Amino acid sequence: EKGEAYFEVAHNPEKPFIVDTGNGTIRVVGTAFNVYKKDDEVEVALTEGEIAFTSKQDPAMVFIRAGESLRYDDQGVLSRDVVTTDLIGLWREGRIAFRDASLSEVVYELQRYGLDIPVELDAAVADLKLSGSFKLKKPLLFLQALSDVLPIQMTIKDRKISIYRKL
């Protein structure tokens, strides 16, 4: 249903490595790549080599190479982007990276990686943007530090975090 995995696959055209994500198929003959499935969307990002992607809706192959990512859902390909290969799969090193991510996306990822307190985001701050690379070790401290770089305030009461626009 959702999750993330990083693969390093040896080159062997006679035995391709195939990943079925539910709404598409990734065919690999030798590469290193990260697959992240969130709800109905999947993102594939390559650090090495090349893959061929086939959507369940469209049998035409889409090829992506190292330094590219492909985002798709049940309807097919949503976007194709250039990515920094050093940032792919940082979760394996206990880090996370964001590029122009909304605060709501950042909170979602922090909860996925261990922030176990419910977070209520005020609509006025949910779309604020953030970029950078951060350690995942202490997600609550990271979230608290965001008030130094974003115009937000945060309160913790009854094991619930509320984030709203700084007055």
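The largest pocket holds about 1,000 Å³ of space, a volume being the space filled by probe spheres set on grid points that are joined across faces, edges and corners. A pocket is an open set of points, on a 1 Å grid over the protein atoms alone, where a 1.4 Å probe fits, with protein on both sides within 12 Å along at least five of seven lines; lining residues have an atom within 4 Å of a point. The model is predicted: local features need pLDDT of at least 70 and side-chain atom pairs count only at pLDDT 80 or more, whereas totals for chains, interfaces and linings use all residues. Residues are numbered from 1 along each chain as its sequence is written, and side-chain values use heavy atoms, with hydrogens and water left out.

Of the 30 residues lining the largest pocket, Tyr36, Glu43, Ala97, Phe98 and Arg99 are the closest to its centre. Two or more lining residues each come from S3, S4, strand S6 (68–73), strand S7 (76–82), strand S8 (95–102) and H1; helices (H or I, at least four residues) and strands (E, at least two) are DSSP runs, numbered from the N terminus. S8 gives the largest share of the lining, seven residues. By class, 13 lining residues are nonpolar, five polar and twelve charged, where Ala, Val, Leu, Ile, Met, Phe, Trp, Tyr, Cys and Pro count as nonpolar, Asp, Glu, Lys and Arg as charged, and the others, Gly among them, as polar.

Strand S3 (residues 24–38) runs antiparallel to strand S1 (residues 3–9), to which seven bridges join it; two strands pair if DSSP finds at least two bridges between them. Phe7 stands opposite Phe33 in S3. Strand S2 (residues 17–20) is also paired with S3 in the antiparallel sense, over four bridges, with Val19 opposite Ile26. Three residues separate S2 and S3 in their hairpin, where Gly22 takes a positive phi near 95 degrees. The antiparallel pairing of S3 with strand S4 (residues 41–55) extends over 13 bridges, and Thr31 has Gly49 in S4 as its bridge partner. In the hairpin of S3 and S4, two residues lie between the strands, and Asp39 in the turn has a positive phi of about 55 degrees.

An open sheet of three strands shows mixed pairing in the order S9-S12-S11. Its edge strands, S9 (119–121) and S11 (152–157), each pair on one side only. S9 and strand S12 (residues 160–165) are parallel, with three bridges, and Glu120 stands opposite Ser162 in S12.
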